[in-house]
Amino acid sequence: MAVIGELADVLCRMGWDPGIRLGLEHLGTLGEGFLASEAPGFAGRRELDGDRVVALYQVYRTRDPKAVPYEAHRRHVDLQFVVRGEERLRLARPGTGRGTGAYDPDRDVALFEGRAWQELALTAGAVAILYPEELHAPGLHPGSEVTVVKAVVKVRVAHVGAFGARQ
């Protein structure tokens with residue numbers, strides 16, 4: 001089940017797997033000025049614990065919700081953290097999406113069509129922890145197109161299952 005909230009609240013209120021804790025603590029070091037000089041299209045990467053915990057940094061313009069498929073992963077938990085800006089995040093019920101292509105093991109992603117179950121606003125300081133196989137569509141317009149600075153920490157987990165299966 002996804003966990004969504006203010007980073008400080010999420011970090012201090014839960015007992016986390018060491019990789020997730022490392023990722024959350026790293027996100028807490030990213031100040032408001034992080035990537036301030038970067039323009040949309042910027043992408044960066046930093047290994048926090050080899051390839052087990054990796055931070056991806058992005059500056060982008062939010063996208064039209066009608067044009068964004070859901071995605072899900074098999075081997076990674078996503079910690080999606082909005083540093084600046086605001087976006088909408090859609091979630092679909094696990095097991096309800098229809099795959100639109102083959103699973104890409106190199107990127108650990110599969111794309112889906114689905115019906116929104118929940119749609120949430122992620123504002124600066126918000127983190128969404130999305131577990132493997134949870135269908136999510138991030139980076140959506142919050143009403144109009146805006147620029148977002150975001151860090152996504154990918155934490156590799158041992159669980160590998162079939163998309164949509166209830167484990």
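Colleague: Leaving aside neighbours within four places in sequence, which residues is Asp-78 in contact with?
Modeller: Asp-78 is in contact (heavy atoms within 4.5 Å) with Glu-71, His-73, Ala-128, Ile-129, Leu-130, His-136, Val-152, Val-153 and Lys-154. This is a predicted model, where local features need pLDDT of at least 70, side-chain atom pairs count only at pLDDT 80 or more, and totals for chains, interfaces and linings use all residues. Residues are numbered from 1 along each chain as its sequence is written, and side-chain values use heavy atoms, leaving out hydrogens and water.

Colleague: Is Asp-78 buried or exposed?
Modeller: Asp-78 has 1% relative accessibility and so counts as buried (under 20% relative accessible area, 1.4 Å probe, protein chains only).

Colleague: What joins the side chains of Asp-78 and Lys-154?
Modeller: A polar contact of 2.5 Å joins them; the term means a pair of N or O atoms within 3.5 Å, one able to donate a hydrogen and the other to accept it, and residues adjacent in sequence count only if both atoms are side-chain atoms.

Colleague: And which strand holds Asp-78?
Modeller: Asp-78 is in β5, a DSSP run of E with at least two residues, numbered from the N terminus. Strand β5 (residues 76-84) pairs with β12 (residues 147-156) in the antiparallel sense over 8 bridges, where pairing requires at least two DSSP bridges. Within this pair, Val-82 stands opposite Lys-150.

Colleague: What is the strand order of the sheet?
Modeller: The open sheet of 6 strands runs β1-β10-β5-β12-β3-β2, with antiparallel pairing. Because β1 (3-6) and β2 (43-49) stand at the edges with a single partner strand each, one side of each is left without a neighbour in the sheet.

How values were computed: Helices (H or I, at least four residues) and strands (E, at least two) are DSSP runs, numbered from the N terminus. Buried means under 20% relative accessible area, exposed over 50%, partly exposed in between (1.4 Å probe, protein chains only).
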